[in-house]
Amino acid sequence: MGDLELLLPGEAEVLVRGLRSFPLREMGSEGWNQQHENLEKLNMQAILDATVSQGEPIQELLVTHGKVPTLVEELIAVEMWKQKVFPVFCRVEDFKPQNTFPIYMVVHHEASIINLLETVFFHKEVCESAEDTVLDLVDYCHRKLTLLVAQSGCGGPPEGEGSQDSNPMQELQKQAELMEFEIALKALSVLRYITDCVDSLSLSTLSRMLSTHNLPCLLVELLEHSPWSRREGGKLQQFEGSRWHTVAPSEQQKLSKLDGQVWIALYNLLLSPEAQAHYCLTSFAKGRLLKLRAFLTDTLLDQLPNLAHLQSFLAHLTLTETQPPKKDLVLEQIPEIWERLERENRGKWQAIAKHQLQHVFSPSEQDLRLQARRWAETYRLDVLEAVAPERPRCAYCSAEASKRCSRCQNEWYCCRECQVKHWEKHGKTCVLAAQGDRAK
């Protein structure tokens, strides 16, 4: 596991065994916060394990203790909280919290879970251990990718710059929007790993992917729009590692990781015998899929040689008669987590928000100091630097940074001027974090 280790094997097992589902009303509570911190530690440890390629005990523990369904349920629960409860907070005009970080932790929880799932779903046994909740996860990924396609049709993801006149809750809304884009990209990777298991998926899951959601056509839409690529000032940029990178002209023909995920998912869904037996090639589907021929260049085939089989499939498809939509009566399982949570909480969104405003998201100064100390213990700097995909970026201008805030040691800056400009936003969190360190 290398020299750097966040959790000992015994500690990791205790944290995994303790994972449980929380009602929406309890999100942000003390017990929920403890589990969020535990998930962050498991997440960072899983990334460390994958980085050094010396076994992945977190993935094994999640399978052994049957906790993958728990993660899926928590993922969908926080997604629902963000859609139904968080907007209520943003509409309350007199809600001006001293510090929005406790709410940010709940907003960020979805990103933490999908990141952990992306890391561990590379292994087929993790997908198999999800059992019936894989249906719910497929629906979740479909929702995220549909929004991604819709967003790309409306000008792309939101930019990071906020208004100087925005209040803390408006800033938090902006952060949530930016986070949603990254979550959708993580969901794409998770979906691709699910398609790797297409030979062992249930008939209900296959039907959900191919008939209900028609994922092959949705993936074609993603390739057409390529929301993770854009042109800025005549230069090609690609989104990777939580930020936009300018691609050098010599690298522009190189297949990006996200494009690769889409192509592999399409290959799995169109060429596996199990999927071919259940996919209805209607005239609409045929028209959408044949658009792929324009993308299958020699350069792409050199990088993913297996796509030559997909090219042959498409050539054969041009001569194939289309099928009318199937109207067979099929008894199948349906996802139940979203429906159950909505049924349990329908009509209670305002009450949940009111309870959390009074008892969860209005902490005292002392509570914030204690929480700051726990954050400092969870987000160890040596671990964060080890799992970071690149050098740190300036919190104000996003340039490569070499200087860290001397008080809290959490934020990075490229120069003193940027630090001064960012202090209005960073100041309260910085003071609390520093006080938490001194209280240790």
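**A salt-bridge network and its surroundings**

Hi everyone, let's start with four residues: Glu73, Glu336, Arg340 and Glu344 are joined in a network of salt bridges. Keep in mind that what you see is a predicted model.

Now, which residue forms a salt bridge with Arg340, with the closest N and O atoms 2.8 Å apart? That partner is Glu73. Arg340 sits in helix α17 and Glu73 in helix α4, so this pair ties together parts that are 267 residues apart in sequence.

Arg340 also forms a salt bridge with Glu344, and here the closest N and O atoms are 3.8 Å apart. This time both residues belong to helix α17, four residues apart, or about one turn of the helix. Here is a handy rule: an α-helix has 3.6 residues a turn, so residues three or four places apart point the same way.

Is Arg340 buried or exposed? Arg340 counts as buried because its relative accessibility is 19%, and the cut-off for buried is under 20%. Glu344, with a relative accessible area of 40%, is partly exposed.

Let's step away from that network. The structure holds 15 salt bridges, and another one to look at is between the side chains of Glu224 and Lys291, at 3.5 Å from N to O. Glu224 is in helix α11, while Lys291 is in the loop between α14 and α15, so the pair ties together parts that are 67 residues apart in sequence. Glu224 is partly exposed, at 35% relative accessibility, and Lys291 is partly exposed with a relative accessible area of 35%.

Next, please find helix α18, residues 349-359. Its buried residues include Trp349, Ile352 and Leu357. What do the buried residues of α18 pack against? They pack against α4, α5 and α17.

Over on the surface, Glu60, Glu125, Glu128 and Asp199 gather in a patch of negative charge. One of them, Glu128, belongs to helix α7, residues 124-129, and is partly exposed at 47% relative accessible area.

Finally, let's zoom out. The protein has 21 helices and five strands, and 48% of its 440 residues count as buried. Among contacts with a separation of 6 or more, 76% are between residues 24 or more positions apart.

Definitions and conventions. Residues numbered from 1 in each chain as written. Predicted model: local features only at pLDDT ≥ 70, side-chain atom pairs only at ≥ 80, totals over all residues. Heavy atoms only, no water. Helix = DSSP H or I, 4+ residues; strand = E, 2+ residues; numbered from the N terminus. Buried < 20%, exposed > 50% of the residue type's maximum accessible area, 1.4 Å probe, protein only. Contact = heavy atoms within 4.5 Å. Patch = residues over 30% accessible without salt bridge, like charges linked within 9 Å, V, L, I, M, F, W, Y side chains within 5 Å. Areas by Shrake-Rupley, 256 points an atom, 1.4 Å probe, with all protein chains shown as cover. Lys, Arg positive; Asp, Glu negative; His and termini not counted. Charge placed at Lys NZ, Arg CZ, Asp CG, Glu CD.
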